[in-house]
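Here is a short note to read alongside the coordinates. Please check each point against the model as you go.

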Amino acid sequence: MIEDTPKFYSRVDKQLKLNRRILKIYNKAGKVTVRSNVVLDLGFDPNFFTHYWKNNKDEVYLFVYEFGFMKKRRAE
């Protein structure tokens with residue numbers, strides 16, 4: 001069941017704003033790689049995003065407003 005209370009919307013809005021702020025800090029040049037633990041330690045929650053985009057390599061980018069991110073697997 002989806003919660004439909006002002007408190008819920010306030011929590012979602014607060015997390016989206018925090019996620020955007022964190023992405024903006026690290027994405028000054030347009031494209032950057034950051035270890036996930038760095039942004040997670042700052043409070044970033046990848047479950048909160050506004051939309052997604054899939055490129056022709058089937059890679060899915062999640063966006064928080066105008067800032068996108070994609071989880072990459074580490075090369076072994």
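**Notes on the model**

1. Start with a spacing in helix α1. D13 and K17 are four residues apart in that helix, so about one helical turn separates them. The two form a salt bridge, with the closest N and O atoms 3.1 Å apart. Keep in mind that this is a predicted model.

2. How exposed are the two partners? D13 has a relative accessibility of 31%, so D13 counts as partly exposed. K17 counts as partly exposed too, because its relative accessibility is 46%.

3. The search of the whole structure gives three salt bridges. Another of them joins the side chains of R20 and E66, at 2.6 Å from N to O. R20 sits in helix α1 and E66 in the loop between β2 and β3, so this pair ties together parts that are 46 residues apart in sequence. R20 is partly exposed, because its relative accessible area is 24%. E66 has 47% relative accessibility and therefore also counts as partly exposed.

4. K54 and D58 form a salt bridge as well, with the closest N and O atoms 3.8 Å apart. D58 counts as exposed, because its relative accessibility is 56%. The cut-off for exposed is over 50%. K54 has 48%, so K54 counts as partly exposed.

5. The largest nonpolar core holds eleven residues: V12, L16, I22, L23, V39, F44, F48, L62, V64, F67 and F69. At least two core residues come from each of α1 (6-26), β2 (60-64) and β3 (67-69). Helix α1 gives the most, with four residues. In soluble globular proteins, nonpolar side chains tend to be buried together.

6. F48 deserves a look as one of the core residues. Which residues does F48 touch, leaving aside neighbours within four places in sequence? The contacts are R11, V12, Q15, L16, N19 and V64. Of these, V12, L16 and V64 are listed in the core.

7. N19 is a polar residue worth checking. Is N19 buried or exposed? Its relative accessibility is 0%, so N19 counts as buried. N19 is placed in helix α1. Its side chain reaches the backbone oxygen of D45 at 2.7 Å.

8. The surroundings of N19 follow from its contact list. Neighbours within four places in sequence aside, N19 is in contact with G43, F44, D45, F48 and V64. F44, F48 and V64 are also listed in the core. For a sense of distance, take N37. N19 and N37 are 18 residues apart in sequence, and their C-alpha atoms lie 14 Å apart in space.

9. Finally, the surface. I25, Y26, V32, V38 and L42 form a nonpolar patch there. Together they have about 400 Å² of accessible area. V32 is in the loop between α1 and α2 (36-41). V32 has a relative accessibility of 45%, so V32 counts as partly exposed.

10. One is the R20 and E66 salt bridge, at 2.6 Å from N to O. Another is the side chain of N19 with the backbone oxygen of D45, at 2.7 Å.

Technical notes
Residues numbered from 1 in each chain as written. Predicted model: local features only at pLDDT ≥ 70, side-chain atom pairs only at ≥ 80, totals over all residues. Heavy atoms only, no water. Core = buried A, V, L, I, M, F, W, Y, C linked by side-chain atoms within 4.5 Å. Buried < 20%, exposed > 50% of the residue type's maximum accessible area, 1.4 Å probe, protein only. Contact = heavy atoms within 4.5 Å. Patch = residues over 30% accessible without salt bridge, like charges linked within 9 Å, V, L, I, M, F, W, Y side chains within 5 Å. Areas by Shrake-Rupley, 256 points an atom, 1.4 Å probe, with all protein chains shown as cover. Salt bridge = Lys/Arg side-chain N within 4 Å of Asp/Glu carboxyl O. Polar contact = N/O pair within 3.5 Å; in protein donor to acceptor, adjacent residues only side chain to side chain.
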